[in-house]
Amino acid sequence: PVSPAAITADRVYVEIGGTLYALSLQDGTVLWALDDVGASMGAPLVDANGSTIYLSGYYGPDLMAISQDGSELWRVNGIDTDYYWCTELAFEGEYLKVTYASMEGKTPDYLLFDKSGNQVTQ
């Protein structure tokens, strides 16, 4: 599986088969690759200054943050078995909003996290 791409001023981020790639926007050169990021249904989410990339995997990890140099900052696994298959990852104010495709009667169908990976009570 291949995710949609996230494009910044100088880079393209794309997840292919559980590996996140950072490519040069100028010439397509692979700048770095990070394995074991899960298979994402959506594009990686990049913060406004391009310093942090966020991903949520299809079967896990539930949420993770990666620095622009390709090092893993943090990872959240096993949030709740009723929440799986992230369909959208977006910023909602100062929080990360992770929307899920399938619930077991859960409302709302999303969870909020701070930018350190801590779940925020809604």
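A residue is classed as buried under 20% relative accessible area, as exposed over 50%, and as partly exposed in between. In the predicted model examined here, Glu72 has a relative accessible area of 37% and therefore counts as partly exposed. Glu72 also takes part in strand pairing, being the bridge partner, in β8, of Ile66. Strand β7 (residues 63–67) and β8 pair in the antiparallel sense over 4 bridges. These strands belong to an open sheet of 4 strands, ordered β5-β6-β7-β8 with antiparallel pairing. Its edges are formed by β5 and β8 (72–76), each of which pairs on one side only.

Charged side chains were examined next. Side chains of opposite charge can pair when their charged atoms come close. The count of salt bridges in the model comes to 3. Asp36 forms one with Arg75, the closest N and O atoms being 3.5 Å apart. Because Asp36 lies in the loop between β4 (30–34) and β5 whereas Arg75 lies in strand β8, this pair ties together parts that are 39 residues apart in sequence. The two partners fall into separate accessibility classes: Asp36 counts as exposed at 56% relative accessibility, and Arg75 as partly exposed at 27%. Arg75 also meets the side chain of Glu72 in a salt bridge, with an N to O distance of 2.9 Å. A further salt bridge is found between the side chains of Glu92 and Lys97, at 3.5 Å from N to O. Glu92 is partly exposed, with 35% relative accessibility, and Lys97 is likewise partly exposed, with a relative accessible area of 22%. Through salt bridges that share partners, Asp36, Glu72 and Arg75 are joined into one network.

Asp47 presents a contrasting case, as this residue is buried yet has no salt bridge. The nearest side chain of opposite charge is that of Lys115, 6.4 Å away, whereas a salt bridge requires a side-chain nitrogen of Lys or Arg within 4 Å of a carboxyl oxygen of Asp or Glu. Asp47 is placed in the loop between β5 (45–46) and β6 (52–55). A polar atom of the Asp47 side chain lies 2.9 Å from the backbone nitrogen of Gly50. With neighbours within four places in sequence left aside, Asp47 is in contact with Thr52, Tyr54 and Phe91.

Strand β1 (residues 6–7) is joined to β2 by 2 bridges, and the two run antiparallel. A hairpin of 3 residues connects β1 to β2, and the bridge partner of Ile7 in β2 is Val12. Val12 has a bridge partner in β3 as well, namely Leu23. Strands β2 and β3 run antiparallel and are joined by 6 bridges. The hairpin they form has 2 residues between the strands, and Gly17 in the turn has a positive phi of about 55°. Of the 6 residues of strand β2 (residues 11–16), 5 are buried, so this strand is largely enclosed by the rest of the structure.

Antiparallel pairing also links β3 (residues 19–24) to β4, over 4 bridges. Within this pair, Tyr21 stands opposite Ala33 in β4. The β3 and β4 hairpin has 5 residues between its strands, and Gly28 in the turn shows a positive phi of about 80°.

Notes. Residues are numbered from 1 along each chain as its sequence is written. This is a predicted model: local features need pLDDT of at least 70, side-chain atom pairs count only at pLDDT 80 or more; totals for chains, interfaces and linings use all residues. Side-chain values use heavy atoms; hydrogens and water are left out. Buried means under 20% relative accessible area, exposed over 50%, partly exposed in between (1.4 Å probe, protein chains only). Lys and Arg count as positive and Asp and Glu as negative; His and the chain ends are not counted. A polar contact is a pair of N or O atoms within 3.5 Å; within protein, one must be able to donate a hydrogen and the other to accept it, and residues adjacent in sequence count only if both atoms are side-chain atoms. Contact means heavy atoms within 4.5 Å. Two strands pair if DSSP finds at least two bridges between them.
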